[in-house]
Amino acid sequence: CRKRHGRRERPVKQALASTADGFADDRARQRLADVVGQALAEARGMDATQAEAAINISQGLSVTVRLGEVETVEHTRDKGLGITVYFGQRTGSASTTDLSPAAVRDSVRAACTIAKYTAADDCAGLADPALLAREFPDLGLYHPWNPGMDQAIELARACEAAAREADRRITNSEGATLSSHAGLEVYGNSHGFLGSQATTRHGLSVSVIAQDASGMQRDYWYSVNRAPTGLEAPATIGREAARRAVHRLGGRKLTTRRAPVVFEAPVASSLLSHFVSAVRGSSLYRQASFLLDSLGKPVFAPGVHLHEQPHLPGALGSAVYDSEGVATRPRDVVRAGVLLGYVLDSYSARKLKLVTTGNAGGVHNLTLEPFDGAGGTPAADLPGLLARMGTGLLVTEFIGFGVNTVTGDYSRGAAGFWVENGAIQYPVEEITVAGNLRDMFRGLAAAAADVDTRGNLRTGSLLLEDLTIAGG
C-alpha cells in the first residue's frame, strides 16, 4: 500500500477543527476573515488604491483499490492566500501558504513591489461595487463526510467487485476510487466586500477491462455529488462500468460517410465547453473566436435554450458570487437559438466595453433544455433519441483534441455504436467525427431529457443532423 500525504502544517490545524466539519465553524471562518482583513489593511498602509485577497483551504481523502487490494491512499491538506493590489491601473499579485502576520505582510509588500514595474492597463481593477453580492443564501453546497479509511476502502472494493462479478468477460481492472474533499474560500476586497463559501465534493468511480476473442476494451463509470447520500450505490456504478466495457467488445471500423450523430449525455457536455470557450471574454477581445460579433444573432438551431442556473441547491456549479465577489444570477445565454450574452469577468467586460456577467472563474450550471427541433415532444432518454435519429452514429467516447475555436473547425477521434432503425447494431472504433462548430450548433436537431448533472455543463444526449464520419 503506497501512501502519499499532503502538507500538515500547524497553522492549518489552528484554523480548522480536526475534521471537515471545521469548515462550517464560524470561528474558523472568522480567523480566515481576519487574515484577509489584515492583507487588505496592509495594502492600504502601502498606499494601494485598491486590493483584493482570497484564502483557499481544503482537505481530502482519496483511496484507490485495484483487484481487491489497496493501491493508493492519499490524505491532502492545502491552504493558500492570494493578494492582488492596484496602484491606479498598475497591478501586482503575490501568494503565500504561510498565514502568519509577518508572511502576510511580506506577501503584500511583494505584490506592491511588482505593481511598480508593471505597465498601466486601463481595464485593470476591482469589480464595480454596485454589482457585488449583498445576500448570501445557503445553497446546500457543504455536506462534510468523514468515512474513515476502512469504510472508504470497503466502498471502493464493493464497487470494483460488482464490476468484476457482473460478467465473465471482465478480465481486469484499472481500479476503483473513493474520494471525499471539503474546501473553504474567504474572499474580500477594498470595496468592503467579504464573503465565504464552503463546499464539498464526493465521488466514487471504477474502470474495468473486458476481453473476448475480438480483443480488449476498457470503459468506466462514476458518480459525484456534493453530499455523500447523493452518490449512486457502489454496486450500481460497478455494474454500469462492466456493462459499458462489455458492450464495446467486437468494435468495427466504418467507411467514410456523412450521417446524423448522437452524442451521449456524458460526452455531449464537451460541445457546450467549446461554445463557452468561443463566447468567453478573453477569446473575444483577443479576436480568437469564430463567434466574434455574434451577440443578438442566431448561433444555434431555433429550438435551443441555454441558460445559467447559479442558485440550484446542491449543484456542482452553484455559487452565490463569482471569484470577484460579483453576485451571480440566473440568465439566458441563448434563447430561440439567438446569443443573448457572453461569458465575462470585469477585465474582459471592460475590454469589450460591456458589463461583467458574473462569470469570473467560469459559468454556473450552464444548462441546455431538452427540445425537439421538429416540433415534437423531446425524447425522454437516449433510446428515445436514437429512435428519433433512425440510422446514424452514437458517440460514447471522444479521444484526443482537435478543435479550433478561432475557425470553428472540429475533428475528434471517437468510439461508439452504429445505429439502424433506432436500434444499436454493433460497436465502432477508430473513427473520426468532423465538422465545423458553427454548422454543428445550427444543425443541433434535438436534446433528450437524460441530463447529466455530474458537472457544471448540464445537457442530455444531443442529436446533430449531419457530420462527416471518417473511418479506416
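This is a predicted model: local features need pLDDT of at least 70, side-chain atom pairs count only at pLDDT 80 or more; totals for chains, interfaces and linings use all residues.
A residue is counted as partly exposed when its relative accessible area lies between the limits for buried, under 20%, and exposed, over 50%.

A search of the whole structure finds 16 salt bridges. In one of them, the side chains of Arg109 and Asp106 meet with an N to O distance of 3.1 Å. Both residues belong to helix α3, which spans residues 101-116, and they are three residues apart, about one turn of the helix. Arg109 has a relative accessible area of 40% and is therefore classed as partly exposed, and Asp106, with a value of 46%, is likewise partly exposed. A further salt bridge links Arg169 to Asp167, with 2.9 Å between the closest N and O atoms; Arg169 is partly exposed, its relative accessible area being 29%.

The salt bridge between Asp219 and Arg248 has its closest N and O atoms 3.6 Å apart. Asp219 is located in strand β7 (residues 215-225), whereas Arg248 is found in the loop between α5 and β8 (257-263), so that the pair ties together parts separated by 29 residues in sequence. Asp219 is buried, with a relative accessible area of 6%, and Arg248 also counts as buried, at 11% relative accessibility, because both values fall under the 20% limit. Through salt bridges that share partners, Asp219 and Arg248 are joined with Glu240, Arg243, Arg244, Glu264 and Glu397 into one network.

Two packed helices are described by the angle between their axes and the distance between the axes. For helix α4 (residues 148-165) and helix α5 (residues 234-247), the packing angle is about 35 degrees and the axes are 7 Å apart. The crossing of α4 and α5 is right-handed. On the α4 side, the contact is made by Leu155, Ala158, Cys159, Ala162 and Ala163, which meet Pro234, Ala235, Ile237, Gly238, Arg239 and Ala242 of α5.

How values were computed
Residues are numbered from 1 along each chain as its sequence is written. Side-chain values use heavy atoms; hydrogens and water are left out. Axes are lines fitted to C-alpha atoms, for helices over the stretch in contact, and angles run from 0 to 180 degrees between N-to-C directions. Helices (H or I, at least four residues) and strands (E, at least two) are DSSP runs, numbered from the N terminus. A crossing is left-handed if the near helix is turned anticlockwise from the far one by less than a right angle, and right-handed if clockwise. Contact means heavy atoms within 4.5 Å. A salt bridge is a side-chain nitrogen of Lys or Arg within 4 Å of a carboxyl oxygen of Asp or Glu. Buried means under 20% relative accessible area, exposed over 50%, partly exposed in between (1.4 Å probe, protein chains only).
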